[in-house]
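Open the model in your viewer and keep the selection panel at hand. The tour goes from one selection to the next.

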Amino acid sequence: MTELDDDSPRQRLARWTSTDAAIGSAAEAEQLRAQLAERVAEVADLRARLAHLTSRVAQLEVVNTELRRTTSRVSPLALARRIVNKVCRRTRSAVAGRLRR
Amino acid sequence: MTVSAIVPSIGTGGVIRGTHRTFVTESVRSVLATANVDIEVIVVAGREMPAETVDELRALGPEVRIVEYRDAFNFSAVVNLGAAHATGDHLLLLNDDTEVVTDDWLVRMIDACGPGVGAVGAKLLFEDGTLQHAGHTYRTALGHVAFGLPGDSAGRNGVLLRRREVAGVTAACMLTPYSVFDAVGGFTVGLPGNYNDVDYCMKLRVAGWSCVYEPAAVLYHFESKSRVAGIKPEEIELIQRRWLTHLVHDRYTPGNV
C-alpha cells in the first residue's frame, strides 16, 4: 500500500498528466540543448576549416601575384626565344642519344 | 507485498493450440493460478467487451475487478486508468493475450525488482515457442532483442539466459513499483499505440531507475509474429523529440546477441 491510497482515481490521473507533461517538456528541452551544442560544435568546426582555407587562399594569391609579376617582366620575343631554345636542346639530346646506340 | 495486475482488454478471442479461447479470461485464469503473492487483477474493459466475458472474469474470483473504459482506444490511457484504481504497491502491466509458462514467474519478477529498479520485463514467447521479447534494444531501431530466435536461445556468452539490465522492457508484461509509476506520471497518452513502453522506460532511466529483464519469468504472448504495428508519424516524432540522443546511445544491447 502507498501513502497515496486516499487519492481518488481522478486525482491520480490529473497528477500523472501534469507530471508527464513536466517530464516531457524537460526531456524536449534537453534534446534541444543537445542539438544546440551539436550545432555550435559544427559551426566551430566549419569556422576552423574556413580559417584554414582562407589562409591557404592568401598564400596562393601571394604566389600567383609573384608569378604574374615575373611573367609580365619577360617580353614576348624573349619568351619565344626561350621556348625555341628549349625545344632545340631536347631535339639535339634525343639525336645524340640515338647516335650513341 | 500486493501486486495489482492491469489487464487492458476488449475481450477478443482466437484459436490457440487448436482450441478457441477468450484471451483475457485464460490469461487472468493463468495469473491467478500461479501468482503466489497477494494480487488483485484489474481488467480495464473497453466498450467492445461482451457482457458474457465480463461475467466470466468476475466468476474467476474476488481478486478480479472490472474498470470500464469508454473512450477511443489509447493503450497509455487504459493503463493509467487501471493504475488509478490500483491498491497494490507493485503494478503488473499485462496484455490480455498472454499465458503463464513458469509457475514462479511473478515471484521471480518481484525478486528482480530490487532497489533502484524501475521496471522488470519477462521472457515472452510466441505460440510456436520463439522469442517475442527478451528486452528492448534501441541501437539501430526501436525493437526487441533476439526477436524470433528459438525460445531457449542462450545468445552470445549466455546473455539471454541471465537476469540483466536492458534499455527497456515491453509493457506486454512489465512489473513496476507503484511509487515509480506515480513519480514519472504513468504512461504518456500522447503515445496511444506504440512506443509508450519505450517512453516509460526512458522516463525511468533518466530519473535514475534501471530496467531489468528476468529470463526465469516466462509467458506466452499470442500476438501475431507478423503483426503490423501501425506506427503513426506523430508517435515517431514525439519519441524522437523527447529521447533521440538517449535512444541512439543504447549501451545495454550487446553487439551480437
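Two residues are in contact if their C-beta atoms, placed from the backbone, lie within 7 Å. This is a predicted model: local features need pLDDT of at least 70, side-chain atom pairs count only at pLDDT 80 or more, and totals for chains, interfaces and linings use all residues. Residues are numbered from 1 along each chain as its sequence is written, with chains lettered from A and ligands numbered from 1 in the order in which they are written.

Select Val43(B). Leaving out residues up to four places away in sequence, Val43(B) touches Val7(B), Ser9(B), Val24(B), Val28(B), Leu57(B), Val64(B) and Ile66(B).

Now go to helix 4 of chain B, residues 105-112. Helices (H or I, at least four residues) and strands (E, at least two) are DSSP runs, numbered from the N terminus. A residue is buried if 20 or more other C-beta atoms lie within 10 Å of its own, exposed if 12 or fewer, and partly exposed in between. Buried here are Trp105(B), Leu106(B), Arg108(B), Met109(B) and Ala112(B). They sit on the same side of helix 4 of chain B because they cover an arc of only 160° around the axis (taken from the directions from the helix axis to the C-beta atoms). Their packing partners in chain B include strand 1 (2-9), helix 1 (23-34) and strand 14 (210-221).

Switch to chain A. It has two helices and zero strands. Its C-alpha trace spans about 115 × 40 × 15 Å along the principal axes. Of its 101 residues, 4% count as buried.

Last, show both chains. 16 residues of chain A are in contact with 20 residues of chain B.
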